[in-house]
Amino acid sequence: MIRYSEYFNVSSEDLKKRDVINVFVDEDTSLHVDPTLLDGSMIPEFKNAHQQFLNFFTDFLCVVRQIKYPGDRFYKEAVRRMKFKEISFNGLGYGKSNKGGNAVGGKLSTAIVHTAIDLINAGKDNPRIFLLMPFFEEGVGADRISDMTIFILRESFYMYTARVAKELNLETKSVVLDQKEYELPYFDNEPIMFIPMTLATDLPTASCYGDVDEVCEYNSVLRAKVSEIIGIEAQDQKNITKSKLKDYIVSNSDVYEELITTVDGYSFLSYDEAKDRLNFELIDKVLSFIANKYHEKGSVIGGVEFDNFYTCVEYMIDECITLIEENRIGDTLLYDGDKFKNEKTVQALLTACLSPYCKSYDISLDREVNNGPGALDFKLSQGEVHKVCIEIKLASNPNLLHGYTEQLSAYNRAENLEPNNSYYIVVKGDDRNQKMLTELEFVYQQALQNGNAPKLLIIDARKKPSASKRK
């Protein structure tokens, strides 16, 4: 896992000044480009992007109006226009393969065309409605509308990337895309596309009307207005499917106009850096702390030599424990006031702790590896033979025992790994679940007596001096 700042050897601040999301070059980040954020963009390459997006769908609707029957040449052209290629290596999405496949394929593009036909037949042809497709179109979530937006505006994104690369003196290669030449940075022999933070927001998806609050920040206002118009009680909103909501939009002019008014008049919000839900700031602070720590000691990460991979991994994990328990790095980063944060935040902190050591010792760090039984938190490896599985749980997790006895064992089998080459790391942020922790330690001791057992580490991240219980 390598972030842009590390890969290009530039500061995160330099990227932030140019509005670049400092994501990973080798792993997708759960953000998406929201087309509702295009209006009013001050980025030179995107000043006309909002109108360009609307023009695309205005032209699409012009084609749809010419359709006489399904299968005619206008119908086929409309379907073709709704097929979008996924632009690879932009660092966004739900763990996509970066192979540049179809973001929207034949079946979905056909469904969108039929939605457009229904809207036109009902006299509703404002292209702004397509900004809200994740709200009402089955199969179109935030991830897909992001891919569609990037594809439609790909020239703007390429020009933005080329300008930023030039300003930061990044190594680039000349590449011809859509018959135009750009100087773009590369990773793994593929051009990278930078994404502006002010055009991105969190990436959930809406499977039903009740989930739409998660898709767009403004929906609390929109939901109240639409619910009032169609007479939906609060307790019934989660039962309204996208398909049913689309029927309301097509058949009810008040609902349709309310959506258009919301798009025209609401102040849409991009990713909230202050809340740091994806832990960008946390990662930066951890990496800065580690760098300063070694600078003050006059030493470098990786200065300690090891004769084998597994001893090196043990050392790296010990260093992470020291950062949390002795250097107290988690006191501010793992707490929101007095409340301990969630498991994802802990995973992000441990990712940041491990990554500089992995880089120094040429060890691959992979997150959310899924070889069958589910997503493993961490896999550390060196070549095909040497590897370690790491699963992380909060001490307050009700599935603490199951994670050790069943979940980690399944991961080890999937990786063909000996149990003692795996770690079960429990992070204790408060005093809850002490009874289950005691039971877990008992299970671990019994497993040791019976032979080969996954290593158990309990890290005390509570806001007070403590020591790890190393087993």
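Two strands are taken to pair if DSSP finds at least two bridges between them, and helices (H or I, at least four residues) and strands (E, at least two) are DSSP runs, numbered from the N terminus. The structure described here is a predicted model, in which local features need pLDDT of at least 70 and side-chain atom pairs count only at pLDDT 80 or more, while totals for chains, interfaces and linings use all residues. Residues are numbered from 1 along each chain as its sequence is written, and side-chain values use heavy atoms, with hydrogens and water left out.

Strand 14 (residues 422-428) and strand 15 run parallel and are joined by six bridges, with valine 427 standing opposite isoleucine 459 of strand 15. Together with helix 17 (residues 434-449), these two strands make a right-handed β-α-β unit; right-handed means that, with the strands pointing away from the viewer, the path from the first strand over the helix to the second runs clockwise. Strand 15 (residues 455-460) is largely enclosed by the rest of the structure, because five of its six residues are buried, where buried means under 20% relative accessible area, exposed over 50%, and partly exposed in between (1.4 Å probe, protein chains only).

Serine 381 lies in strand 12 (residues 375-382) and, at 10% relative accessibility, is also buried. When residues up to four places away in sequence are not counted, serine 381 touches Phe309, Ile363, Ser364, Asp366, His386 and Lys387, a contact being heavy atoms within 4.5 Å.

Serine 11, by contrast, is partly exposed, with a relative accessible area of 32%, and is placed in the loop between helix 1 (4-7) and helix 2 (12-17). The side chain of serine 11 reaches the backbone nitrogen of aspartate 14 at 3.0 Å. Although serine 11 and aspartate 284 are 273 residues apart along the chain, their C-alpha atoms are separated by 9.7 Å.

A search of the whole structure finds zero disulfides, a disulfide being a pair of cysteine sulfur atoms within 2.5 Å. The sulfur of cysteine 353 is 4.5 Å from the closest cysteine sulfur, that of cysteine 320, and this is too far for a bond. Cysteine 353 is buried at 0% relative accessibility, and cysteine 389 is buried at 1%.

The protein averages a pLDDT (the predictor's confidence in each residue, from 0 to 100) of 85, and 87% of the residues score at least 70. Over residues 94-102, however, the pLDDT is below 50, and this stretch has 21 contacts in the model beyond near neighbours in sequence. Where pLDDT is low, the predicted coordinates should not be read in detail.

Definitions and conventions:
Polar contact = N/O pair within 3.5 Å; in protein donor to acceptor, adjacent residues only side chain to side chain.
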